[in-house]
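Subject: Structure handover

Hello,

Here is the structure I promised to pass on. Please load it first, then read my notes below.

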Amino acid sequence: MKSTGVLAVVLGGLGAMAAWGQSPNPDGRTTGPGVQAPRDSREPEVLKTCKVPPTARGGRGPGRGPAPAAAAPGPREYTVPEIPGVVAAGQRWKEIWEVDGNNADGIIATKDGGILIAQNDKSEVVKLDKDGKTSIAFADTNTGGALAMNSKGALFVNSRGLNESIEELAPHRQTLANHYNGDSLDCIGGVLNDLTADSKGGVYFTMGGVFYSDSQGKVFRYGENLFTNGIVLSADEKHLYVTNGMTIAEFDVKKDGALANQHEFTKLEGSGFGGDGSAFDAAGRLYVTSNAGVQVIGTDGKNLGVIPTPRDVISVAFSGPDKKTLYAVSRDNAQNKDWIIAIEMIAMGPKGRGK
């Protein structure tokens with residue numbers, strides 16, 4: 001979801017491609033919690049142990065997050081159009097919570113109508129309840145950057161600090177995966193972007209490509225010609241959707257969790273850094289954050305419209321007492337600040353899952 005740096009956009013036969021730098025280190029730190037692996041002063045020593053170094057795997061993937069702000073700082077004017085069955089015309093986003101630094105990302109819903117928020121700089125997971133009050137749900141996540149919860153309630157976070165890993169936070173606190181083909185995940189190159197969890201105890205994640213860790217921590221790589229960021233699994237777990245520049249790639253999911261039949265599901269509207277965080281509603285419509293706002297896509301891949309936002313948004317999830325509130329993480333790079341914003345919807349979020 002979020003990192004700052006130089007953005008290069010190349011339009012070609014494979015769609016929009018972008019290259020993000022990583023998030024700046026908090027408080028001038030050079031190592032330790034809050035510092036993403038590629039900016040950690042100790043990373044070169046770790047990479048010396050790689051049997052297959054990042055350059056041999058195709059170079060570093062992007063860091064998670066928005067492109068550097070090109071517009072003037074501060075909120076922009078917007079008008080929400082009607083999207084039938086989704087949102088009423090004239091609705092407005094409300095600012096629910098704000099925080100300094102790279103400290104809001106990868107949001108998911110909680111069963112009581114709140115949301116969980118991953119904090120990169122603080123290495124914590126914060127719970128924001130339905131009344132706007134916050135509390136620390138988990139600490140010491142090693143630069144945790146995005147969250148996923150499966151249909152059985154197991155909660156996972158991607159740890160972006162050195163010795164990158166996929167961690168289970170609940171019901172047990174343990175490492176799910178930290179190696180790929182005998183190498184540290186750091187050897188893939190780049191920053192763990194996003195993740196989504198299946199009911200079998202496995203986790204799909206993006207890191208310059210699409211990966212799947214089964215419940216035993218064995219990691220597999222899938223897909224070709226991908227420049228990935230956000231990722232989300234359909235409610236029936238038969239399809240996986242991955243942002244790929246200015247397009248959405250779709251995979252069929254086999255019974256063992258393997259992926260097949262990669263194809264383009266749809267193109268995103270607008271231009272710039274492309275799609276980021278994703279979520280579904282109860283009707284199976286897909287919501288994707290991008291430079292244009294929150295794009296709403298039908299089950300057939302048709303673009304139904306865009307819910308514009310006052311600032312760039314990088315993560316999205318339905319929650320609230322009736323799951324008819326859409327929450328998003330809004331970012332202003334110039335101020336190095338994040339907001340949680342929310343808008344009332346006609347559409348309802350899916351029951352029994354965090355996204």
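A caution before the details: this is a predicted model.

**Overall**

The chain holds 1 helix and 28 strands. It has 355 residues, and 60% of them are buried. Take the contacts with a separation of 6 or more: residues 24 or more positions apart account for 52% of them. The accessible surface of the chain is about 13,800 Å². Carbon and sulfur atoms own 51% of that surface.

Start with an open sheet of 4 strands. Its order is E4-E5-E6-E7, and the pairing is antiparallel. E4 (105-109) and E7 are the edge strands, each pairing on one side only. Neighbouring strands are turned by 30° against each other on average, direction ignored. As background, strands of a sheet pair through backbone hydrogen bonds, in either a parallel or an antiparallel way.

Strand E6 (residues 124-128) is the one to look at here. Is it enclosed or open? Of its 5 residues, 4 are buried, so E6 is largely enclosed by the rest of the structure.

Now the E5 side. Strand E5 covers residues 115-119 and pairs with E6 in the antiparallel sense over 5 bridges. Isoleucine 117 has valine 126 in E6 as its bridge partner. The two strands form a hairpin with 4 residues between them. Serine 123 sits in that turn and has a positive phi of about 55°.

Then the E7 side. Strand E7 covers residues 134-138, runs antiparallel to E6 and is joined to it by 4 bridges. Lysine 127 stands opposite serine 135 in E7. This hairpin has 5 residues between the strands. Here glycine 132 takes a positive phi, near 90°.

**Aromatic pairs**

How many aromatic pairs are there? The count comes to 6. Two of the pairs share tyrosine 241.

Tyrosine 241 lies in strand E19 (residues 239-244), and phenylalanine 265 lies in strand E21 (residues 259-267). The pair therefore ties together parts that are 24 residues apart in sequence.

Phenylalanine 280 is buried, as is tyrosine 241.

Elsewhere, ring pairs link Tyr180, Phe205 and Phe211 into a cluster.

**Charges over rings**

Which rings have a charged end of arginine over them? Among them are those of tyrosine 78 and tryptophan 339. The charged end of arginine 92 sits over the tyrosine 78 ring, 4.0 Å from its centre. For arginine 311, the charged end sits over the ring of tryptophan 339, 3.7 Å from the centre.

Best regards

Conventions: Residues numbered from 1 in each chain as written. Predicted model: local features only at pLDDT ≥ 70, side-chain atom pairs only at ≥ 80, totals over all residues. Heavy atoms only, no water. Buried < 20%, exposed > 50% of the residue type's maximum accessible area, 1.4 Å probe, protein only. Pairing = 2+ DSSP bridges. Phe/Tyr/Trp six-rings, centres within 6.5 Å; stacked < 30°, edge-to-face > 60°. Lys NZ or Arg CZ within 6 Å of the ring centre and 35° of its normal. Contact = heavy atoms within 4.5 Å. Areas by Shrake-Rupley, 256 points an atom, 1.4 Å probe, with all protein chains shown as cover. Axes fitted to C-alpha atoms, helices over the stretch in contact; angles between N-to-C directions.
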